[in-house]
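Please keep the sequence and the structure in view while reading.

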Amino acid sequence: MIETKGLRKSFRSRQGRETKTVEAVRGVDLYVGEGEIFGFLGPNGAGKTTTLRMLATLIEPDGGEATIAGADLRRDPGEVRRRIGYVAQGGSTWDEVSAREELVLHARMYGIGKADAQRRAVRALEAFQLTEFADRKCKTYSGGQRRRVDIALGVIHDPKVVFLDEPTTGLDPQSRAHMWDEIRRLRSEGVTVFVTTHYLEEADALCDRLAIMDYGEIVAEGTPDELKREVAGDVVTVGLNGSTPEAAQLLDSEAYVNKLETVEGGLRLYVDQGATAIPQILRKIDGAGIHLGTIELHRPSLDDVFLEKTGRSLRES
Amino acid sequence: MKLLRDTWLIFQRQMLLVLRNPVWVVIGILQPLYFLLLFGPLLKDALNAPTTADAYRFFVPGLLVMLAMFGSMFVGFGLIAELRAGVIERSRVTPVSRLALMLGRSLRDVATLIVQAALITVLAIPFGLTVRVGDVLLAYLMLGLIGVMLSAASNALALKLRSEDALAPLMNGVAQPLLLLSGILLPLTGWVATVADFNPFSWAVDASRALFAGDPGDSSVWQALLILGTLTVLTLFWSARSFARSVR
């Protein structure tokens, strides 16, 4: 449904007298299948939004190719526009009009006739549970309600693909769960959903497949499970009350420890088999007379994947 | 056809917003209204006019040009607010005509302007203003050209600057000399009159005065329409290009 090859974009920014060229996106190759929720995970400034805006015809790529829903992005942006929906990060509604008015206008901007636009608006208001306040001004809506209007606008013309730029940023947990349901509903209706996020849990829970982006490049791509399997083995977190350096020195030389990191209040160890590693770790620490606070075993998270691929934690960046 | 349909669509939406908050239409005529009430009475003596009515017949046609200028030059602020709300970006991902996004907004400004001009004209009648219907319509046509031109220019600049803080000083910096060099407040003399020959709005004021004096055949009328018409077409091209570029 979406295929890109070597998509590139750089911006010139001026700092004082110097002009610097910032390569926001440095060659993105992507494949998104029909009817899947595809996630774009990465820290702020990774180039997610720039990529999305290129695919949505809002900015022209410096290089590369893309085909979206069968239309060529470079040669026929007009046709791409007809086939996609796009929901920007910062919202898209005007304070002084109602959701219904926004929906009708937006449908009509796609060339849809007045009566049909009104019917579509009614349907969208119902689908997104907005009927109750459909005729109130947008400025009276809650953050979650207003975000639902944004999404409803993005799909009012039944696009094959919809791009959602951080649809849940700034929402409370309940509204976020609600938004996930809406996104899954779109998938069940056959819409391909391309969503960016910097929330690990969201990428994990919501997306069928995802790409991890960092510094303008895709560093990993696959289903959440595939990605996590790539980070071989298990992760053991050892909580120590002080004496972390000694323990680190002690455990770093052990053959079963693939990788060791110092984290706040203890150590994080990457091992092949958590079940066999833990007794050995305990013996080692106990034998050295170091006091152990906690020990925890967990399967790798997407953050571990990010850490492995970029050397940084997504939570920190 | 798509251009006309889309322009009408944008115009309707923009007019809905104006009608929903018509207080701005009133605020727009406050300045000319103050001039009419507080500056007009001084003119009989200042101009050595035979009667107060004569002074108003000289003053009001220029006042309408001022209304057209100031009413349209600052519409870019509204566009910046729309940019910030994401409304423009939302329009850009649809196949709607880019030219229509601009024209629909300019037509809104012209419609508002004509209503305001009619209000000022009617309010000036008790002070002795007289005019024929045909002449006043021709004057309004000229005001409409000014409105389209300045509204398009203001929107194009707003797209470029994207910030009220940059647009406000620029617009004020341009508006004041254009006003003073137009002969709206006082008749121009000496070198100021020479400089004012390069101000298209000074020509508009002369034409407006000729029309309100019942002299549509005066050469200033066709000259002003030609100058303003040409400038309007040029500004529309420029603005349409910047809409097409930044609103690709």
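A nonpolar core is a set of buried Ala, Val, Leu, Ile, Met, Phe, Trp, Tyr and Cys residues joined through C-beta atoms within 7 Å. In this predicted model, the largest nonpolar core has 137 residues, and A:Phe163 and B:Ile146 touch the most other members. Helix H7 (residues 133-161) of chain B gives the most to this core, namely 15 residues. A second, separate core of 13 residues includes A:Val235, A:Leu251, A:Leu269 and A:Ile281.

Beyond its neighbours within four places in sequence, B:Ile146 is in contact with B:Val65, B:Ala68, B:Met69, B:Ser72, B:Ala204 and B:Leu228.

Two packed helices are described by the angle between their axes and the distance between the axes.

| Helix pair | Angle | Axis distance |
|---|---|---|
| H3(B) and H10(B) | about 135° | 8 Å |
| H3(B) and H7(B) | roughly 25° | within 7 Å |

H3(B) is therefore roughly parallel to H7(B), and their crossing is right-handed. Among the residues that make this contact are B:Val65, B:Ala68 and B:Met69 of H3(B) and B:Leu143, B:Ile146 and B:Leu150 of H7(B). The contact comprises 10 nonpolar, 5 polar and no charged residues.

H3(B) and H10(B), by their angle, are therefore oblique to each other, and H3(B) passes H10(B) in a right-handed crossing. Their contact includes B:Val65 and B:Met69 of H3(B) and B:Ala204 and B:Val205 of H10(B). Here the residues divide into 11 nonpolar, 2 polar and 2 charged.

Definitions and conventions
Residues are numbered from 1 along each chain as its sequence is written. Chains are lettered from A and ligands numbered from 1 in the order in which they are written. This is a predicted model: local features need pLDDT of at least 70, side-chain atom pairs count only at pLDDT 80 or more; totals for chains, interfaces and linings use all residues. Axes are lines fitted to C-alpha atoms, for helices over the stretch in contact, and angles run from 0 to 180 degrees between N-to-C directions. Helices (H or I, at least four residues) and strands (E, at least two) are DSSP runs, numbered from the N terminus. Angles under 35 degrees count as roughly parallel, over 145 as roughly antiparallel, 65 to 115 as roughly perpendicular and the rest as oblique. A crossing is left-handed if the near helix is turned anticlockwise from the far one by less than a right angle, and right-handed if clockwise. Two residues are in contact if their C-beta atoms, placed from the backbone, lie within 7 Å. Ala, Val, Leu, Ile, Met, Phe, Trp, Tyr, Cys and Pro count as nonpolar, Asp, Glu, Lys and Arg as charged, and the others, Gly among them, as polar. A residue is buried if 20 or more other C-beta atoms lie within 10 Å of its own, exposed if 12 or fewer, and partly exposed in between; C-beta atoms are placed from the backbone.
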